[in-house]
Amino acid sequence: MKRLFRRARGKMPRQEPQRGSSDQTEGDEHQDRDLVPDLSVNETSSSYDLEPVLEPLSSERSQGDALDSDPFPNRLAGLYIKRSKAAEEIQRWDLALEDANRAIQLDPLSPLAYERKEAVQFAKTEYDCSVVRTRVERQNAIRESIKEAIKDWPPMLINTQTGRGCNREQQELAFEDLSPFKEYLSSDTTTPQIRKSLVAEMKKYCRYVMLSHAWEGETSVFDIIGARSLYDLSSESLYYIEKLQRFCDVVREAGCYWAWTDTSCISVEAHGSVVEEPRSLFNWYRYAWRTIVLLRGMRDPSLPVSVKNSVWITRSWTIYEYVAARFIWFYTDDWKPYRDLGTSNHKYSPIVVAEIHEVTKVSPESMHKLHPGVTDVREKLQLAAPRHVTKPEDAAYSLCPLFDIPMQPKYGEGTANAVGRLLEQVITRSGDVVVLDWIGNPGAYNSCLPVNLRPYNTAQYHVPSPVLVDIPAYFPELDTGSIMLYKRLVALESPQMTDKRLRLPCITFRVELQVVEAGVYRMKMRGLRDVEIRTMDDISMVSKDLLLVHPWIRALLSSSTLPSADSETVEGDNSDERTKALQLAARLRQDFGALLLRKTSPKEYKRVAADASIRVQVLEETSFARLLESIRILDVV
């Protein structure tokens with residue numbers, strides 16, 4: 001790894017550091033201190049060695065891009081955190097905050113990165129409080145600091161002290177009712193003790209806790225808590241009020257002023273806008289100081305209380321909440337901590353991780369790297385596939401925060417249309433057609449998309465088998481057609497889907513059909529081995545209209561074959577291209593997935609639903625020039 005901190009070429013006058021009052025966090029023990037250079041201040045020196053700290057953090061940030069390209073982002077996050085601390089020491093707040101934000105970008109689930117940002121913000125506040133003189137200046141400085149700290153908060157939160165719902169303006173002003181603020185304003189001299197007390201209270205104040213739970217027939221109480229205290233409501237008339245009251249009690253006892261639940265902080269009218277702005281919903285959980293998961297209700301009352309037996313883990317909306325949250329506490333239905341998990345952050349408890357993996361079948365590594373966007377598409381669909389919803393369309397809408405796809409909710413449109421609209425956006429935004437890899441009945445939205453998400457609760461079928469051999473030995477002669485084929489596939493336009501119509505680049509094969517028995521057919525294709533399929537569709541009379549296609553071009557081109565020493569020594573400008581063409585040639589000699597399409601009009605095709613995955617293999621004598629002629633772009637409806 002490139003050396004990040006070079007020897008200083010000069011000195012600058014030392015400034016007395018103004019330290020924040022941030023406490024040591026629970027996750028500090030996880031930081032690899034050996035990876036981080038020592039940037040401590042030499043207390044006996046009259047100057048501060050600035051350049052090792054700030055040279056990589058110059059105004060141009062010339063080193064930034066190189067740092068961010070490191071293949072070990074967690075290590076770099078630690079380096080940025082260390083540099084942020086060093087910049088804070090010399091009161092370079094802008095640089096300290098910039099590095100804290102870089103650490104968050106590199107490791108979005110690291111509590112250390114978020115707490116570093118918080119430490120910088122409040123260290124700056126403490127410094128500002130020490131230099132601001134007039135009462136009005138002091139008040140404005142605190143207001144600006146509070147406003148900046150809570151700018152990304154949910155627009156509505158419950159004040160756990162009063163039990164009332166507060167909008168953003170009320171959240172900003174409520175701090176002025178607290179005694180440390182009043183003491184700070186009333187004091188003629190702001191001593192370090194007063195400032196530290198003020199900032200410590202601000203740190204507690206600028207935190208909120210989210211609730212992740214399975215609904216139990218609740219309705220929104222948004223309008224109620226705006227006018228009355230939650231603590232004054234009777235849990236006898238509204239049984240789920242007790243859940244909200246106990247949640248706020250736990251949050252208040254943890255020293256936190258603010259709490260959020262979906263039943264009290266989102267109005268019925270605003271629910272649609274939340275789905276239309278999914279990144280905000282995801283970030284509310286990501287930025288929360290803690291997320292509390294309530295394990296109320298087991299799938300079978302006879303089963304012991306656990307994560308894997310809970311109703312919570314079966315719900316669609318709770319999955320993205322778990323993925324988004326960076327620090328989680330699990331509680332049982334009587335509001336006691338779930339088991340002795342041996343860690344302050346239950347999200348990474350081996351017990352919890354194992355239980356969630358047992359249910360979802362998604363590896364912990366894959367689960368914990370998920371983030372908003374159209375990446376890791378298959379893992380997200382597999383995670384959501386078996387979930388239960390109260391409203392059918394929520395099967396799709398609940399995935400909007402994970403895919404960062406805004407959708408206008410249309411309750412009543414049905415599951416097929418909601419899923420179709422979501423997957424249409426996934427295809428168009430990602431340029432990938434991994435969503436076409438499923439077995440079952442097609443939905444009404446498009447024949448290439450399923451009627452619901454259930455078919456994604458299985459392993460992928462289309463991925464070509466890896467070539468675990470030395471490529472030149474396995475495929476000694478490079479067919480010149482393979483280079484042309486590789487170039488053509490690379491140049492293909494990405495799949496696009498608009499208004500239910502899929503524009504699909506693919507390798508195609510004409511089909512000659514033989515009926516084996518009712519519902520069973522043998523397909524013969526030029527250049528491929530024969531294959532049998534079973535389908536409920538009667539295709540015996542439409543043989544001339546059938547095409548077998550391979551649409552997963554991106555997977556075909558990916559370099560998952562073993563690297564070859566010989567391929568690295570090929571001379572000339574085209575060595576990399578030749579290597580990739582060799583890899584493609586080797587992959588095409590393995591079996592790969594395919595779809596069966598039927599022409600329904602001169603320019604349109606529909607998918608034929610097969611009862612099992614279709615796997616095909618190119619014959620040895622088939623030339624790559626022949627495959628080159630088979631590349632087409634089809635419109636599928």
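Predicted model: local features only at pLDDT ≥ 70, side-chain atom pairs only at ≥ 80, totals over all residues.
Helices (H or I, at least four residues) and strands (E, at least two) are DSSP runs, numbered from the N terminus. Residues are numbered from 1 along each chain as its sequence is written.

Let's start in a loop. Gln91 sits between α3 (73–89) and α4 (93–106), and its phi is near 65°, a positive value in a residue other than glycine. Most residues other than glycine have a negative phi. Gln91 is buried (under 20% relative accessible area, with exposed over 50% and partly exposed in between, using a 1.4 Å probe and protein chains only), at a relative accessible area of 14%.

Another positive phi, near 75°, belongs to Lys500, in the loop between β9 (496–498) and β10 (501–510). Lys500 is partly exposed, with a relative accessible area of 39%.

Now turn to helix α9, which covers residues 192–205. Its buried residues include Ile194, Leu198 and Glu201, and among the elements covering the buried residues are α5 (111–131) and α8 (179–186).

How do α8 and α9 pack? Their angle is about 145° and their axes are 9 Å apart, where axes are lines fitted to C-alpha atoms, for helices over the stretch in contact, and angles run from 0 to 180 degrees between N-to-C directions. In this pairing, Pro180, Phe181, Glu183 and Tyr184 of α8 meet Ile194, Ser197, Leu198 and Glu201 of α9, contact meaning heavy atoms within 4.5 Å.

Definitions and conventions:
Heavy atoms only, no water. Expected span 1.5 Å × (residues − 1).
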